[in-house]
Amino acid sequence: MKIFISADMEGATGVVNVAQTDHREKEYAFGCTMMSHDVNAVIRGALDAGADSVLVNDSHWRMINIDIAGLGFGERVCLLSGSPKALTMMEGFETADAAFFVGYHAKAGTGKAIIDHTISGQVIYSITLNGKELGETGLNAAVCAQRGIPLALVTGDAAVCAEASELLGEGLVTACVKKAHGREAAECLLPETSAEVLKEAAGEAVRRARGGKSPVMDIGDGSFDLRVAFHNSKQCDRAAILPGVERLDGRAVRVTGTDMTNMMRQAMSLISLAGS
Ligand SMILES: [Zn+2]
């Protein structure tokens, strides 16, 4: 069984403040340490439960956050590091038997959620897929779903765990490492405790995936209407330059299609154009 891990930083153990996730700030070193800590614990749990190989895709910002020297697992584990990558957070997922989303955060506009945002906090107000508002968990789960790949594990704060469970149902394993009191304050498990929680959850996720019990998100009949609303109309002006993008109103555009992977590439392109 091959596991694909998409690893973000905002949902890592102990991370509560934007400065800890921003490579221009001195607190960033802590974010890297804790992201690597959580990824390590999840890999250990997956391998102990019998996973054959793990591909970790560093999915936060410049995507060079995880300490490769600290991943002492040998040839069964590979790290996909760096950016740009065409599929960004999902680069490399296609050949996996199950996906894990580690260190994830809740979608933009969620209360009591550490650093809630969707793809870009500066650019995106909201994203909907077929009328349902989704964050990174839902969008990336939809990309997996179209290839029939189950999402077996989501880790992060209590808010992203709730968001993921609402989308995927009870078959999904979640691991909560902190409970937010606000956007930048949380009650956090200590690293040695969260390592055990994450290891245990990853093992359970592998067992469920192997038994065919991990959920594939319901994405309807396979025709997609993806709408992106921006914080302001100038961002929307820029996004609307891209061919195939339909302007809906002052702040929103949409793309339609039947290939979720391509639509995510379109969405990432128009978001990066909007933020340029
Ligand atoms: Zn991130």
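## Strand pairing and the open sheet

Two strands count as paired if DSSP finds at least two bridges between them. Helices (H or I, at least four residues) and strands (E, at least two) are DSSP runs, numbered from the N terminus. The model is predicted: local features need pLDDT of at least 70, side-chain atom pairs count only at pLDDT 80 or more, and totals for chains, interfaces and linings use all residues. Residues are numbered from 1 along each chain as its sequence is written, and side-chain values use heavy atoms, with hydrogens and water left out.

An open sheet is built from 5 strands. Their order is S6-S5-S10-S12-S11, with antiparallel pairing. Strand S6 (132-133) and strand S11 (246-247) are at the edges; each has a single partner strand, so one side of each lacks a neighbour in the sheet. S11 pairs with strand S12 (residues 252-257) in the antiparallel sense, over 2 bridges. Here Glu246 stands opposite Arg254 in S12.

A salt bridge here is a side-chain nitrogen of Lys or Arg within 4 Å of a carboxyl oxygen of Asp or Glu. Glu246 has 37% relative accessibility and so counts as partly exposed. The cut-offs for relative accessible area are under 20% for buried, over 50% for exposed, and partly exposed in between (1.4 Å probe, protein chains only).

Helix H6 (residues 260-274) lies across strand S5 (124-129), strand S10 (224-230) and S12. H6 runs at about 15° to S10. Axes are lines fitted to C-alpha atoms, for helices over the stretch in contact, and angles run from 0 to 180 degrees between N-to-C directions.

Ser126 sits in strand S5. Ser126 is buried, with a relative accessible area of 13%. Leaving aside residues up to four places away in sequence, Ser126 touches Glu133, Arg227, Val228 and Ala229. Contact means heavy atoms within 4.5 Å.

The chain is assigned domain 1 (2-119 + 134-210) and domain 2 (224-274). These bounds come from an automatic or database domain assignment. The domain centres, taken over C-alpha atoms, are 26 Å apart. At the interface, 11 residues of domain 1 contact 10 residues of domain 2.

Domain 1 and domain 2 bury about 890 Å² between them, 73% of it on carbon and sulfur atoms. Ile119, Val143 and Gln146 supply 48% of the area that domain 1 buries against domain 2, more than any other three residues. Buried area is the accessible area (1.4 Å probe) that two parts lose on being put together, summed over both.

## Other salt bridges

The structure holds 13 salt bridges. One of them links Glu166 with Lys132, their closest N and O atoms being 3.5 Å apart. This pair connects distant parts of the chain: Glu166 is in helix H3 (residues 158-168) and Lys132 in strand S6, 34 residues apart. Glu166 is exposed at 54% relative accessibility, whereas Lys132 is partly exposed at 36%.

Glu200 forms a salt bridge with Arg207, the closest N and O atoms being 3.9 Å apart. Glu200 is exposed, at 52% relative accessible area. Arg207 is partly exposed, at 40% relative accessibility. Salt bridges with shared partners join Glu200, Glu204, Arg207 and Arg208 into one network.
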